[in-house]
Amino acid sequence: MMDSTPIVKLEQVARVYGTEQNPLTVLRDVNLEVADGEYVAIVGPSGAGKSTMLNILGCLDRPTRGAYLFMGRNVAELDDEALSRVRKHHLGFVF
């Protein structure tokens, strides 16, 4: 029986750049689950937030709001060293 915990889970993730007076919301309330062995493509028009979401999924950036769970752990609770280990052993990008 397979574990039902998703490998990747985004819960109401948002990413806002800029200042409090002039915010630029790039991602708004994104929910995503990716199961072990599943293939996912992130597509959309230019400026839709694809690269921002990939930076969050790759542990290169953090969401402004919401939660990112990777292998059941909240990424926000990981320090820089633990994030480096996650990137080294579990994540990769193909361009």
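The legends below accompany close-up views of a predicted model of the protein.

**Figure 1. Overall fold of the predicted model.** The secondary structure of the protein consists of two helices and four strands, and these elements follow one another along the sequence in the pattern β-β-α-β-β-α. The radius of gyration is 14 Å, close to the 12 Å that the globule rule gives for 95 residues, so the protein is as compact as a globular protein of that length. Among contacts between residues at least 6 apart in sequence, 52% join residues that are at least 24 apart.

**Figure 2. The open sheet of four strands.** The strands are arranged in the order E2-E1-E3-E4, and their pairing is antiparallel. Strand E2 and strand E4 (73–74) stand at the edges with a single partner strand each, so one side of each is left without a neighbour in the sheet. In general, strands of a sheet pair through backbone hydrogen bonds, in either the parallel or the antiparallel sense.

Figure 3. Strand E1 (residues 8–18) pairs with strand E2 (residues 23–34) in the antiparallel sense, and eight bridges link the two. Gly-18 has Pro-23 in E2 as its bridge partner, while Val-16 stands opposite Thr-25 in E2.

**Figure 4. The pairing of E1 with E3.** Strand E1 also pairs with strand E3 (residues 65–70), again in the antiparallel sense, over five bridges. For Ala-14, the bridge partner in E3 is Arg-65, and for Lys-9 the bridge partner in E3 is Leu-69. As a general point for reading such a view, the side chains of a regular strand alternate between the two faces of the sheet.

Figure 5. Thr-52 lies in helix H1, which covers residues 50–57. Its relative accessible area is 12%, and because buried means under 20%, Thr-52 counts as buried. When its neighbours within four places in sequence are left aside, Thr-52 is in contact with Arg-15, Tyr-17, Val-26 and Leu-27. Of these contacts, Arg-15 and Tyr-17 belong to the stretch of E1 (residues 8–18), and Val-26 and Leu-27 to that of E2 (residues 23–34).

**Figure 6. Asp-80 in helix H2.** Asp-80 is found in helix H2, which covers residues 80–90. With a relative accessibility of 59%, Asp-80 counts as exposed, since the term applies over 50%. The C-alpha atom of Asp-80 is separated by 9.6 Å from that of Cys-59, a residue 21 places away along the chain.

Figure 7. Of its 95 residues, 28% count as buried, one of them being Thr-52. The protein carries 10 positive and 12 negative charges, and the mean positions of the two sets are 5 Å apart.

Definitions and conventions: Residues are numbered from 1 along each chain as its sequence is written. This is a predicted model: local features need pLDDT of at least 70, side-chain atom pairs count only at pLDDT 80 or more; totals for chains, interfaces and linings use all residues. Side-chain values use heavy atoms; hydrogens and water are left out. Two strands pair if DSSP finds at least two bridges between them. The radius of gyration is taken over C-alpha atoms; the globule rule is 2.2 Å times the number of residues to the power 0.38. Buried means under 20% relative accessible area, exposed over 50%, partly exposed in between (1.4 Å probe, protein chains only). Contact means heavy atoms within 4.5 Å. Lys and Arg count as positive and Asp and Glu as negative; His and the chain ends are not counted. The place of a charge is taken as NZ of Lys, CZ of Arg, CG of Asp or CD of Glu.
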